[in-house]
Structure formats: C-alpha cells, structure tokens
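Please look at the packing of helices and aromatic side chains in the structure shown here, and follow the explanation below alongside it.

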Amino acid sequence: MAAAITSLSFSALTSQSSSERKLSASSPSLISNFDASRVRLVHVSHSFNSSRLVVRCSSSSTDVPTVSETKANFLQAYKRPIPSIYNTVLQELIVQQHLTRYKRTHRYDAVFALGFVTVYDRLMEGYPSDEDREAIFRAYIRALQEDPEQYRSDAQKLEEWARSQTANTLVDFSTNEGDVQSILKDIAERAKSKESFSYSRFFAIGLFRLLELANATEPTTLEKLCAALNIDKRSVDRDLAVYRNLLTKLVQAKELLKEYVEREKKKVEERTGSQTANEAVTNCLGEYLYLGL
C-alpha cells in the first residue's frame with residue numbers, strides 16, 4: 001500500500017534538455033553538483049600601444065542559486081510536516097521547475113503561471129487544510145524567487161478571460177485588443193524568435209486549461225492556437241498526454257490513501273471499543289465479587 005502511494009512521480013511535468021535528462025537519470029546528486037558549480041564569465045580586453053599587449057581579465061559569479069538552495073528555501077519558508085503523498089511530489093516538482101526557471105531563455109508569462117497553478121491545485125486537491133495548502137503554495141513560489149500573488153492573479157485573469165471566449169475568438173487573439181490578447185501576442189513574438197522563450201510542460205497545461213474553460217475541445221482548435229503562438233503542437237500533444245496520465249495516477253493514489261486511512265481508523269475504533277468493553281466487564285465483575293463477599 002505505502003509503496004503504491006509513494007511511487008507516484010511528477011518529475012515528467014517539466015520539459016528538460018537531453019543533457020538535463022541524462023543528469024537526472026544517472027543520479028539526482030549530479031544535478032545538484034552540476035548546478036552548484038558557479039559559472040564564471042570572463043571578459044578579455046585588448047589594449048595596444050607601441051610596445052606591449054595588455055590583457056585584462058575579470059570574472060564574476062552568476063546569481064543563479066543551486067537546486068539544493070531552492071529546496072532549502074522552500075523548507076525554511078514552510079516548516080510544518082507535509083504528508084508523504086504530497087511532499088514526495090512537491091520535492092520532485094520543485095527540482096524540475098528550478099531547472100526550467102533558471103534557463104537562459106526562460107521568461108515568466110501568464111500562460112506558464114496558469115499551467116503551474118492548475119497542476120498545483122489538482123495535486124493538492126483534498127489537502128487537509130486550505131490555509132496550509134495556500135501557505136505551501138506561497139513558500140514554493142518564493143523559493144524560486146518569484147511572486148506567488150502574481151501567479152494567482154495572472155492565472156485568475158486568464159481563467160476569467162477564457163470563460164468568455166469561443167474557439168474562434170481564442171484562436172484569433174492577434175486580431176483583438178485586451179490585456180490577455182497582449183500577453184498572447186508577446187508570447188507569439190518571443191516564441192517565433194526563440195531568444196526569450198523556453199517551452200515547458202507547464203505552458204502546455206496552461207494552453208489546455210484555456211481551451212478547457214472556453215469549451216474549445218476540438219483537436220483542430222489546439223492546432224490553430226499552437227500555430228498562432230508559434231508553438232510545436234507535437235510537443236504540446238505529448239506533454240498533455242503525460243499530464244492526463246499523471247492525473248489518473250494521482251486520483252488512484254489518493255483513493256488508495258483514503259482507503260488506507262479509513263481502514264486504519266476502523267482498526268483504532270475497534271481496538272478502542274474492545275478496550276472499553278473489557279474495562280466494563282472487569283468493573284462489573286469486580287463489583288459482583290465485592291458484593292458477593
């Protein structure tokens with residue numbers, strides 16, 4: 001039972017380059033060690049005069065934190081224990097999102113935020129405390145040096161907009177004006193240049209959520225939206241299949257956990273009831289013997 005629950009993995013939720021996949025497949029520690037090494041930028045300047053060449057070198061370390069620092073920030077911000085079915089997934093998720101977050105070409109956008117919020121809310125659905133669930137969310141995002149309020153606000157903005165759209169208006173965002181349309185236009189421009197856009201599975205899930213809320217579930221609609229955003233639809237299809245599969249596994253794992261908790265609760269009640277009955281019998285027997293004397 002425990003093995004079935006704790007084996008659930010969300011490590012595939014964010015896309016990785018081939019080198020990152022090799023690192024994570026060979027050993028988790030390699031990721032930390034690789035990430036921990038500080039990249040140094042060296043600038044060489046040449047100064048010529050009549051008799052000599054002068055070379056000046058300067059170096060400075062980047063501000064990119066290591067994976068272990070990000071995880072430590074999360075644990076420092078939220079110190080309360082988290083049930084293993086949630087904690088195992090969160091720990092894997094934050095490692096993968098760290099790798100995406102600090103890619104050179106990555107830039108935050110509202111569709112990415114919507115995708116993460118969707119995953120997080122589905123993952124944490126049924127968490128014992130709503131207050132703790134939101135506190136964990138804030139700690140998680142801040143550990144990545146980002147703003148949890150912005151994530152929530154942008155996700156809500158896109159959700160409200162999508163609910164008022166049709167398949168046609170969603171795809172034709174470039175011909176319309178508005179805050180969300182401007183966000184999508186910016187994404188399309190950056191994705192076309194490939195200089196300041198890094199595709200990820202959170203982005204794919206964000207697109208899926210937009211279509212879901214607009215009731216635009218026809219496969220051709222996704223194809224048109226990907227084309228308008230200059231996104232490879234094959235990557236989106238693959239990542240959405242992974243997402244759906246993981247949601248199914250998550251539901252199954254939570255059902256197993258629920259059955260396990262109910263079974264253990266019943267055992268405790270039975271033991272408590274048996275103990276109470278034994279005490280009652282002992283007391284009655286004691287009174288009977290006492291009166292008989």
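**Aromatic rings and a helix pair**

In this predicted model, ring pairs join Phe 74, Tyr 108, Phe 112, Phe 116, Tyr 120, Phe 137, Tyr 140, Tyr 151 and Phe 202 into a cluster. The structure as a whole holds 13 aromatic pairs. Within one of them, the ring centres of Phe 116 and Tyr 140 lie 5.0 Å apart with the planes at 20°, and the pair therefore counts as stacked, since planes under 30 degrees apart are classed that way. This pair links distant parts of the chain, with Phe 116 in helix H6 (residues 110–123) and Tyr 140 in helix H7, 24 residues apart. Both Phe 116 and Tyr 140 are buried.

An edge-to-face arrangement is found for Phe 208 and Tyr 243, whose rings are 6.4 Å apart centre to centre, with 70° between the planes. Here, too, distant parts of the chain are linked, as Phe 208 belongs to helix H11 (residues 201–213) and Tyr 243 to helix H13 (residues 233–292), 35 residues apart. Phe 208 counts as partly exposed because its relative accessibility is 21%, whereas Tyr 243, with a relative accessible area of 2%, is buried.

Tyr 140 also takes part in a contact between helices. The axes of helix H5 (residues 84–101) and helix H7 (residues 130–143) come within 11 Å and cross at roughly 30°, which means that H5 is roughly parallel to H7. Their crossing is right-handed. Helix H5 contributes Leu 90, Leu 93, Ile 94 and Gln 97 to the contact, while H7 contributes Ile 136, Tyr 140 and Ala 143; by class, these are six nonpolar residues, one polar residue and no charged residues.

Terms used. Residues numbered from 1 in each chain as written. Predicted model: local features only at pLDDT ≥ 70, side-chain atom pairs only at ≥ 80, totals over all residues. Heavy atoms only, no water. Axes fitted to C-alpha atoms, helices over the stretch in contact; angles between N-to-C directions. Helix = DSSP H or I, 4+ residues; strand = E, 2+ residues; numbered from the N terminus. Parallel < 35°, antiparallel > 145°, perpendicular 65-115°, else oblique. Left-handed = near helix turned anticlockwise from the far one by under 90°. Contact = heavy atoms within 4.5 Å. Nonpolar A, V, L, I, M, F, W, Y, C, P; charged D, E, K, R; others polar. Phe/Tyr/Trp six-rings, centres within 6.5 Å; stacked < 30°, edge-to-face > 60°. Buried < 20%, exposed > 50% of the residue type's maximum accessible area, 1.4 Å probe, protein only.
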